[in-house]
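Subject: Structure handover

Hello,

Here is the structure for your files. Please open it alongside these notes.

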Amino acid sequence: ITLCPNVPIYWTNRALCHRKRNDWQRVEEDCRKAIQLDHNSVKAHYYLGLALLQKEQYAEGVRELEKALDLGRGANPGSYMVEEIWEELAKAKYLEWEHESTRRSWELQNLKESCELALKEKHMLDSSQMEGLVDENSMSLLKQLEAVDEVFMKAAEDDTPTEVPDHLCCKITLDIFRDPVITPSGVTYERAVILDHLQKVGNFDPITREPLYTSQLVPNLAIKEAVHAFLDRHGWAYMID
């Protein structure tokens with residue numbers, strides 16, 4: 001670095017050494033220098049994202065990981081680093097969701113208890129003023145409490161893990177899409193998975209068995225947007241088994 005300070009890979013290599021020593025401040029410094037020299041350095045954005053997450057700067061850290069992922073997919077979509085970046089990004093997104101989900105759950109529970117208490121107090125006041133109609137008033141309270149319970153259960157649905165819709169999952173891995181591509185026959189696959197199939201098994205669609213070549217794969221932007229929208233609402237789906 002002293003002799004050739006304008007070579008970005010030297011800075012990212014040193015950042016990797018700092019990473020192994022858990023010296024995240026120096027990782028950040030070296031990565032920012034590397035990015036000044038090369039805005040498209042996958043490793044620089046990746047290591048910087050990790051450093052920022054370690055410093056609990058989650059929003060900026062996630063942005064750097066997303067930048068690294070986009071650059072990595074463009075350079076070599078099937079590389080091990082793309083998979084590694086995705087796993088770190090998914091982990092960060094899941095932790096972010098978990099934190100927000102806990103906060104929302106606590107707020108909803110407090111609000112629900114306040115609503116129930118207000119209804120019960122109103123019931124007691126009404127009962128004292130409605131002699132002979134106690135049973136009718138009690139039934140009304142039960143119905144109101146059931147309605148409140150239903151409303152708050154509905155409000156918590158987005159934070160309740162369920163099944164990811166089939167159309168958002170790869171036909172081969174059955175995992176939620178990360179970088180979906182569509183074939184001429186209309187089947188959508190995870191890019192890295194179908195590329196691996198074409199390279200190791202043969203040039204044909206694994207489902208339709210029709211001839212298929214890498215040049216025929218096209219990004220499925222509609223599914224990609226649908227996946228992003230689903231993950232924005234259901235952060236639990238970032239969980240990696």
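Predicted model: local features only at pLDDT ≥ 70, side-chain atom pairs only at ≥ 80, totals over all residues.

Residues are numbered from 1 along each chain as its sequence is written, and side-chain values use heavy atoms, with hydrogens and water left out.

**Helix packing**

Helix α3 covers residues 42–54 and helix α4 residues 58–75. Helices here are DSSP runs (H or I, at least four residues), numbered from the N terminus. The two pack at an angle of about 160°, with axes 8 Å apart. Axes are lines fitted to C-alpha atoms over the stretch in contact, and angles run from 0 to 180 degrees between N-to-C directions. α3 and α4 are therefore roughly antiparallel (angles over 145 degrees). Their crossing is left-handed (the near helix is turned anticlockwise from the far one by less than a right angle).

On the α3 side, the contact residues are V42, H45, Y46, L48, G49, L50, L52 and L53. They meet Y58, E60, G61, V62, E64, L65, K67, A68, L71 and G72 in α4. Contact means heavy atoms within 4.5 Å. By class, this contact has 11 nonpolar, 4 polar and 3 charged residues. Nonpolar means Ala, Val, Leu, Ile, Met, Phe, Trp, Tyr, Cys and Pro; charged means Asp, Glu, Lys and Arg; the others, Gly among them, are polar.

**Aromatic pairs**

The count is 4 aromatic pairs. Rings of Phe, Tyr and Trp (its six-membered ring) pair if their centres lie within 6.5 Å; planes under 30 degrees apart are stacked, over 60 edge-to-face, the rest tilted. Y46 and Y47 have ring centres 5.5 Å apart and planes at 35°, so this pair is tilted. Y46 and Y47 are both buried (under 20% relative accessible area, with a 1.4 Å probe and protein chains only; exposed is over 50%, partly exposed in between). F230 and W236 form an edge-to-face pair, at 5.9 Å centre to centre and 85° between the planes. F230 and W236 are buried as well.

**Two single residues**

H197 sits in helix α7 (residues 191–200). Its relative accessibility is 11%, so H197 counts as buried. Beyond neighbours within four places in sequence, H197 contacts G202, F204 and P206.

Q109 lies in helix α5 (residues 80–129). Q109 is partly exposed, at 39% relative accessible area. Q109 and V42 are 43 Å apart, C-alpha to C-alpha, and 67 residues apart in sequence.

Best wishes

Note on methods
Parallel < 35°, antiparallel > 145°, perpendicular 65-115°, else oblique.
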